[in-house]
Amino acid sequence: MSNLQELNENDLFTVTGGTTAAAPTGSVTYTCPDCGTIIRASTRDASVICPNVKCRKSFNIENGKLVPKMTRPQAALKPAGT
């Protein structure tokens, strides 16, 4: 018989890097003001995009609130060769 000992789950938790996963950053939930879709973000995120495919609005996160990103007005396209 061998003198090997089995490690149980409690022993594994004491080992550096054991079975515990790295702690994720905090999470925050916002609601898109345009379509009402839930937007999940990390506390580290500075901007988010609405996950709703029909919406896809971009927002900056300032002081814990969604602020719409300013988009440049698009210039009218002119036909080529005129």
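These are my notebook entries on a predicted model of a protein, kept in the order I looked things up.

**Ground rules**

I number residues from 1 along each chain as its sequence is written. The model is predicted, so I take local features only at pLDDT of at least 70 and side-chain atom pairs only at pLDDT 80 or more, while totals for chains, interfaces and linings use all residues, and side-chain values use heavy atoms, with hydrogens and water left out.

**Confidence**

I checked pLDDT, the predictor's confidence in each residue from 0 to 100. The mean for the protein is 78, and 62% of its residues reach 70 or more. Helix H1 (residues 9-14) has the lowest confidence, with a mean of 64, and E3 the highest, at 94. A note to myself: where pLDDT is low, the predicted coordinates should not be read in detail.

**Overall layout**

I counted 1 helix and 5 strands, taking helices (H or I, at least four residues) and strands (E, at least two) as DSSP runs numbered from the N terminus. Along the sequence they follow the pattern α-β-β-β-β-β.

Next I looked at burial, where buried means under 20% relative accessible area, exposed over 50%, and partly exposed in between (1.4 Å probe, protein chains only). Of the 82 residues, 13% are buried. The protein exposes about 7,500 Å², and carbon and sulfur atoms supply 52% of that area; the areas come from the Shrake-Rupley method with a 1.4 Å probe, and for residues only the protein chains shown count as cover.

For contacts I used heavy atoms within 4.5 Å. Among contacts between residues at least 6 apart in sequence, 11% join residues at least 24 apart.

**The sheet**

I found an open sheet of 3 strands in the order E3-E4-E5, with antiparallel pairing; two strands pair if DSSP finds at least two bridges between them. Strands E3 (47-49) and E5 (65-68) stand at the edges with a single partner strand each, so one side of each has no neighbour in the sheet. Neighbouring strands here are turned by 40° against each other on average, direction ignored; the axes are lines fitted to C-alpha atoms, and angles run from 0 to 180 degrees between N-to-C directions.

I then went through the pairs. E3 and E4 are joined over 3 bridges, and Ser47 stands opposite Asn60 in E4. Strand E4 (residues 58-62) pairs with E5 over 4 bridges. In E5, Leu66 is the bridge partner of Ile61, and Pro68 is that of Phe59.

I followed up Cys50. Leaving aside neighbours within four places in sequence, Cys50 is in contact with Cys32, Cys35, Thr37, Ile39, Cys55, Arg56 and Lys57.

**Two positive phi values**

I keep in mind that most residues other than glycine have a negative phi. Arg56 has a positive phi of about 55° although it is not a glycine. Arg56 is in the loop between E3 and E4 and is partly exposed, with a relative accessible area of 46%.

Asn63 also went on my list, with a positive phi near 55°. E4 and E5 form a hairpin with 2 residues between them, and Asn63 is in the turn. Is Asn63 buried or exposed? Asn63 is exposed, with a relative accessible area of 80%.

**Thr31**

My last stop was Thr31, in strand E1 (residues 27-31). Thr31 is partly exposed, at a relative accessible area of 48%. Not counting residues up to four places away in sequence, Thr31 touches Gly36, Thr37, Ile38 and Leu66. I also looked up Lys65, which is 34 residues from Thr31 in sequence and 10.0 Å away in space, C-alpha to C-alpha.
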